[in-house]
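Student: Can you take me through some of the terms used for this structure? I would like to see each value set beside its rule.
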Amino acid sequence: MSNIAGKAYAMNAVTPMRWYTAWWNRLFFWIAHKRPATTAGLVTLSLIHYARWVIVMPHQFPKLSSDQPQEDVKYAYMIFFSNFNGSWNQYVDSFSSAIPGGLNLFWFGSIKYPKSVPMLPFHRYITSNQIWTDYYYNAYPMASSNDVKSAKKVKDSLLAFIGDSQKAAPEEFMQKYNRLLIDLQHDISQMGPNPVVSLSASAVERNLRKEGVERKELSD
Amino acid sequence: MTTRVDLDDVQGNVVKAYARYGLVVARYVFFHVDVPVAGRKFVADIVPLVTLGTPWKDLSKTPRVGTNIGFTYEGLRHLDTPEVTLHGFPEAFSMGMKARREIIGDTGPSLYHRWDPVWNNQDDNKQHVHIMVTIDGKEEKDLDSRYQEIQRILAANPGVSQLVGHRGAGGDNLPYQPAAALLSTKDNLGYPGGKEHFGYSDGITTTFFEGCGEDPNLVIGGGKPTGGDPRTPAGWAPLAAGEFILGHPDEAFEYPEAPGPPLFSRNGTFIAYRKLHQNVGSFHSYLDEEGARFPDGKEALAAKFAGRWRNGAPLVSFPTEESANRFVAELAPLQVKVWTQSATPQEKTRFAELSLQLVAFDYRDDTSGARCPFGSHMRRTNPRSALQFGKTNAFAVPGALSNRRRILRRGLPYGQVDDPTRDDGDHGVIMLIVNADLSRQFEFVQQQWMNYGNDFGLANDPDPLLGNHGTNEGRLGGGRMTIEGDVVTNKPPYFCNHMPTFVETRGGDYFFVPSLTCLRTIALGIIDPT
Amino acid sequence: MANKSGNAYALTVLCPILRGVPSDSPAGNSGQTYTALLRNVLQTLHVNEESPMAKVPNTYLCRFWVLSDVPYQGKPAFLEHLKSDYLVFSSNFHGELEPYLAGMWKALQEDVLAILWHCVGHEAVRDAKSFIEYVKKCQVTTTFFFNGSTDEPLVEQLKNLYLKQEFSRFAFENQGKSASELQEAFRGFVQRTQPTNLDGPTWAPGAYHLDRVEGASK
């Protein structure tokens, strides 16, 4: 059970809220959706691949058969999923310092949410409502969100350059190539494995390799 | 509402960089506690020698020697610190620095089996080093006189032993780690000199926090950025004291986590002591070879690695070697005059103006890294407001991503370079890093900013100077750095490849540096967290 | 549409897990609840490039976890409980929902059934169509989806990453060459890396070692 897949960390948090507060919360999310400036901080932080907030109203838990009892919870529940780079322990400070307003906007309705500053109560609140991931898959564990975005720029620039320089004589080619390098100078660092953000996570990884834990093909 | 720090209760090495006061030589002495009672008595005997954080206002009357004391986790345990208090320490501290090696990158060439013997105990993997006593002095004789006092205290407390096993010019088994500022050369910025073994001027910025007792002008460049003009006081505010001293509000507007009872940890802090060996031969040969190819030459290449020219001028304000040399040519003689108290009032003013230029800058006019590379050492260790990447409205405060990652640097170079073509001499830096939270500050910077590059958009690139570039094969290593070109002048980027590891860890550990109040309670054995 | 951001889709699924202990447990598993058995399956799935999810086209990042109950915040909050456990599946992928699920069924039909065996109503799942219907019944709408990355097809993201890594090496290795040498070398680079060919060479999905990222995509 690990929240880590290469450079990505899977955070899951479930927090309750009163059903009528949930409506306000949904409105704020809708505004955030319409107004990109709301997430400017998150975008600049640049640490996140994809994140989502899912508000489940009391009656919205899926019921698939008459044998399955109907849920009768009073609270709505907000489930937060994030895929970000670095561990939660390491980066909670960055989130709390950089975008406290945004965090408050998203979590204000959650019962007993303590605001995002000071950091320690916020950290404890999220961690106490955090649920550990049982299985996490990342299609590119060696790439951070910055790497993925940067790679798109590299590809686009390369293709444009290839088209533009096809018929160039060597000197002109070199000039255009140098301009390409200037354009891409912050996009051509090499990628590699994640730093060890957690000794327990790397220990788990080593144990699994050492003990050769039987990893199932599901169709066994 | 500002923070008031009782500097009489904080140890002096926390708030003062002793070298700035002329204490330019040091000895770092380490002890093991065999018998708790003897350990506590040893502490009690040392307490009267401990230098306080009280500001030294009269520079003609500064002490000739400073002494301070710190404890590892095992050290505190061997002094019978209560379990409850011990459990209140964060895991980074209780594990000790050696056990944290995968997190901080002390692997490969920095792996502990190459450390000085004093850090490796054959019997078990528990921390062997319990107590660190640091002695800072103006001259060797001052050090020696204090050292002899401590030897007498040691003799009076047979349940405490001094650990030997430091490597140095005299062999593998020295009884302490010596350190000393390098003697001045005509190129030095400071007087007698703030150089290190690669030739860089070091120790220029003073990290400034509320209640530190330093000259208030040092907030410029040393505090946190406000977004205002960095050349003026309006551009800076003091950092919160709690980033560096427990029991005071930190940058997240709360007290940093600390073990109880409050009286135990208040005014205390943590220090990471690291012996960093410098591969002088590899550095010079890489600089010579690559510098011959680098279009702006060898000194410029050295500047790009560090973010400052080797004479100390910051790249971002002095982009050319000529401008940097002109700047220092004016600054250095003025510095000598000021230090020898032979400067006219005009010269003093001019000196102040020029000194400010060493630190009063940020990266707002260099958002492409054309002057100071994103990956340079200085820009990594202290990004100022650069992690906004120019988006000044995105974060709550300009330094949001760096205000919680600041540290205080203490320590001195050690050894000397007899043969600059060799790596294996005895030369490096003893680095003492002061912070309230080892994992959030030192370890974070070490892992995410020294040995990795994602926060700067540099994927996995490590710091050119301090990064772990893997085990060197001859003079080649696995390090790389992109030195940005300039879109304005069409200068393409320059790529440094195969950089060897220039700096290797050769020892160290994490120490709790208690307040004077706490020291007395440790000595008396009366800590009670009930 | 809250589930989407550009072409990226945020699928959130809560599948109710059967309560109690299965009567037809395989030998050696008796006494374990459906939830416990399911957790065991999830925690021992292959990882990285051998992950079953690497075979599902366009999966950027996804995860499974079990929601056993709702968290109690302490007085004066109510103490309440869920009556069932839920398998939570969250996937970030490129494209539309139905083609994605159809792709998942096609690549992992047996694996999907093995997981769903633990869930309520799984008997209804027999083919791609009924699988899609089942998932839609279990789907909860994403309230807010933040895309901090790109929304291209996965094969493009992987090819981009491959090109970034390769071009980085090229730039470093070819510094200082003459103009005609450089042009020649670059032609070789283009031939070798085939920038417009998404089938290969490229990074393999889920690969996590420098020597294993590259290879023709599956």
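Tutor: Start with the polar contact: a pair of N or O atoms within 3.5 Å; within protein, one must be able to donate a hydrogen and the other to accept it, and residues adjacent in sequence count only if both atoms are side-chain atoms. The model is predicted, so local features need pLDDT of at least 70, side-chain atom pairs count only at pLDDT 80 or more, and totals for chains, interfaces and linings use all residues. Residues are numbered from 1 along each chain as written, chains are lettered from A and ligands numbered from 1 in written order, and side-chain values use heavy atoms, without hydrogens and water.

Student: What makes the pair C:T150 and C:Q157 a polar contact?

Tutor: Their side chains make one at 2.8 Å. The limit is 3.5 Å, so the pair counts. The side chains of C:T150 and C:E152 are also joined, at 3.4 Å.

Student: Why is C:T150 called buried?

Tutor: Its relative accessibility is 8%. Buried means under 20%, exposed over 50%, partly exposed in between (1.4 Å probe, protein chains only), so C:T150 is buried.

Student: What does C:T150 contact, leaving aside its neighbours within four places in sequence?

Tutor: Contact means heavy atoms within 4.5 Å. The partners are A:Y50, A:V148, A:K149, A:K152, C:Y60 and C:Q157.

Student: How many residues are in contact between chain C and chain B?

Tutor: Five residues of chain C touch nine of chain B. Across this interface, two residue pairs are in polar contact, both at pLDDT 80 or more.
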